[in-house]
Amino acid sequence: MKNKITVVGIGPGYEGDMTSRAIVALKSADIVVGYTFYLPFITHLLKSDAEIVKNGMKQERKRIEKALEIVENGRDVCVISSGDSGIYGMASLVYEMMKERGTEAEVEIIPGISAFQKAASLLGAPVGHDFCVISLSDLLTPWSLIEKRIKAAAEADFVTAIYNPKSTGRYWELYRLIELFLKVRSPETPVGYVRQAGRDGEQVKITTLREFNPKDVDMFTVVIIGNSQSYEWQERIITPRGYYRETTGVENKPGQSIMIESFRTIEKELVNPNIPLGLKWPLLHAIHTTADFEMEKILMTDKDTVEHIFTSLTEGGVRTIITDVTMAASGIRKGALSRLGIEVKCYLNNPETSILAQEKGITRTQAGIRLAVDEHPDALYAFGNAPTALMELCSLIRQGKANPCGIVAAPVGFVHVCESKHMVKPFTDIPKIIVEGRKGGSNLAATLVNSILCWPDAELLKPGRDV
């Protein structure tokens, strides 16, 4: 009959977090091998005559060598491992060294509560969806490989637990991890960290990726970074079990779920994902509509433009949107208009427009804007086709005949297009979204208007309410 090695995961340290199997194994052990720091957590469970073999940090191989010698000499042995014996624990080393030495023995692995699980329970429910655990210790793993894993975890939107975040000799690695995460994650991503989880001196703190200070942690700290869906509630971090669900548990419509996923993908590919939300929100809509990442260079807004226009349309008494052409009007979501009680008008095909254009020798789009301003001088004006229409509005503003609550300037083409956009910029008191250069289009103008109409969804990055 083979002698037995029992590898026991003792949890983070508190007896209440040990499994009953672990306690039974410890109480029946004749010989226990362990790290000096961990043995005090379990000595009260051992038999009075149990033999204890211990040594210090970074001497894991020597501990297992001693355990194997005991087995080879015909005695059973118990090897203790903090947390779970198979997660950064002693179980794999036992098997590896048995293979090296050719040791014949029965092995029993008793799992335990890992430090990240204990830390997660103290932080709330941050590990409610897919997660990974990364150690920042480069003693056994080259930093180049650790960095690859950090990038993969950040880009794949894993909830990420960090072991060995810092030590006396390793001070910069956690700073680098934060830098990498901020390239693809929101600065408001919740971060929790627990020092001495389940032990005396336990400390629990919650912050954000932006505010997280690596100086506050040490080698006894577990750090948990939430995913894009995680949020803080009542001083706890919550990660929903599924993506794109309302807090009521009701699933989003399929079209909206696809749109949300698209926005998450676009955000990760932005050169600068940390731009202000008031610019990012219409930018994501623009890229989603055009698949053109040059929009990041050519889309501009005044400060708080989207918020100001939304407020004017919902609280300021303005209930009209004017477009230069019917195609732009048709792309504005009817569900949003109905929900907010807003009307879209395009005067291009009005009989009066053709008459005015002929009388004044101007384009029909110019004439349509003149008629619109007569009836709705304070409307939101959106241009996706005709630069002459935008130029007409600029002229009417200078004459004091128009005072729009906002302008979406996205005409497209080669003649007068750039000039028309430059003409609108001096109106600093009018909120504007401008697509610089020749690019634009009715679909682009419409989607920028849609970004305004669903502005309350911007903070959660949940577009498509009215899809």
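**Before you start**

Residue numbers start from 1 along each chain as its sequence is written, and side-chain values use heavy atoms, with hydrogens and water left out. Because the model is predicted, local features need pLDDT of at least 70 and side-chain atom pairs count only at pLDDT 80 or more, while totals for chains, interfaces and linings use all residues.

**Stop 1: an aromatic cluster**

Select Tyr 35, Phe 37, Tyr 38, Phe 41 and Phe 220. Together they form one aromatic cluster. The structure holds twelve aromatic pairs. Start with Tyr 35 and Tyr 38: the ring centres are 4.9 Å apart and the planes stand at 85°, so this pair is edge-to-face. Rings of Phe, Tyr and Trp (its six-membered ring) pair if their centres lie within 6.5 Å; planes under 30 degrees apart are stacked, over 60 edge-to-face, and the rest tilted. Next, take Phe 37 with Phe 41. They are also an aromatic pair, edge-to-face, at 5.8 Å centre to centre and 90° between the planes.

Now colour by accessibility. Buried means under 20% relative accessible area, exposed over 50%, and partly exposed in between (1.4 Å probe, protein chains only). Tyr 35 has 15% relative accessibility, so it counts as buried. Phe 41 is buried at 19%. Phe 37 has 31% and counts as partly exposed.

**Stop 2: helices α5 and α6**

Select residues 143-155 for α5 and 173-182 for α6. Helices (H or I, at least four residues) and strands (E, at least two) are DSSP runs, numbered from the N terminus. The two helices pack at an angle of about 35°, with axes 9 Å apart. Axes are lines fitted to C-alpha atoms, for helices over the stretch in contact, and angles run from 0 to 180 degrees between N-to-C directions. The α5/α6 crossing is right-handed. A crossing is right-handed if the near helix is turned clockwise from the far one by less than a right angle, and left-handed if anticlockwise.

Which residues of α5 and α6 meet? On α5, show Trp 143, Glu 147, Ile 150, Lys 151 and Ala 154; on α6, show Glu 173, Arg 176, Leu 177, Leu 180 and Phe 181. Contact means heavy atoms within 4.5 Å. The residues of this contact divide into six nonpolar, no polar and four charged. Ala, Val, Leu, Ile, Met, Phe, Trp, Tyr, Cys and Pro count as nonpolar, Asp, Glu, Lys and Arg as charged, and the others, Gly among them, as polar.

**Stop 3: helices α14 and α15**

Move to residues 364-375 (α14) and 387-398 (α15). Their packing angle is about 35°, and the axes are 8 Å apart. The crossing of α14 and α15 is right-handed. From α14, pick Thr 365, Gln 366, Ile 369, Arg 370 and Val 373. They meet Thr 388, Ala 389, Glu 392, Leu 393 and Leu 396 in α15. By class, the contact of α14 with α15 has five nonpolar, three polar and two charged residues.

**Stop 4: Thr 323**

Select Thr 323, in strand β15 (residues 320-323). Buried or exposed, this Thr 323? Thr 323 is buried, with 2% relative accessible area. Its side chain reaches the backbone oxygen of Val 325 at 3.0 Å. Leaving aside neighbours within four places in sequence, Thr 323 contacts Ala 328, Ala 329, Ile 332, Val 344, Lys 345, Cys 346 and Ala 382.

**Stop 5: Lys 439**

Go to Lys 439, in the loop between β19 (432-435) and α17 (442-453). Lys 439 is partly exposed at 32% relative accessibility. Show Asp 292: a polar contact of 2.6 Å joins its side chain to that of Lys 439. The side chain of Glu 294 also makes a polar contact with the Lys 439 side chain, at 2.6 Å. A polar contact is a pair of N or O atoms within 3.5 Å; within protein, one must be able to donate a hydrogen and the other to accept it, and residues adjacent in sequence count only if both atoms are side-chain atoms. Beyond four places in sequence, the contacts of Lys 439 include Ile 298, Pro 411, Val 412 and Lys 421.

**Stop 6: two positive phi values**

Select Tyr 88, in the loop between β4 (77-81) and α3 (91-101). Its phi is near 50°, a positive value in a residue other than glycine. Tyr 88 is partly exposed at 48%. Finish at Glu 235, between β12 (231-233) and β13 (236-238). Glu 235 has a positive phi of about 60° although it is not a glycine. At 59% relative accessibility, Glu 235 counts as exposed.
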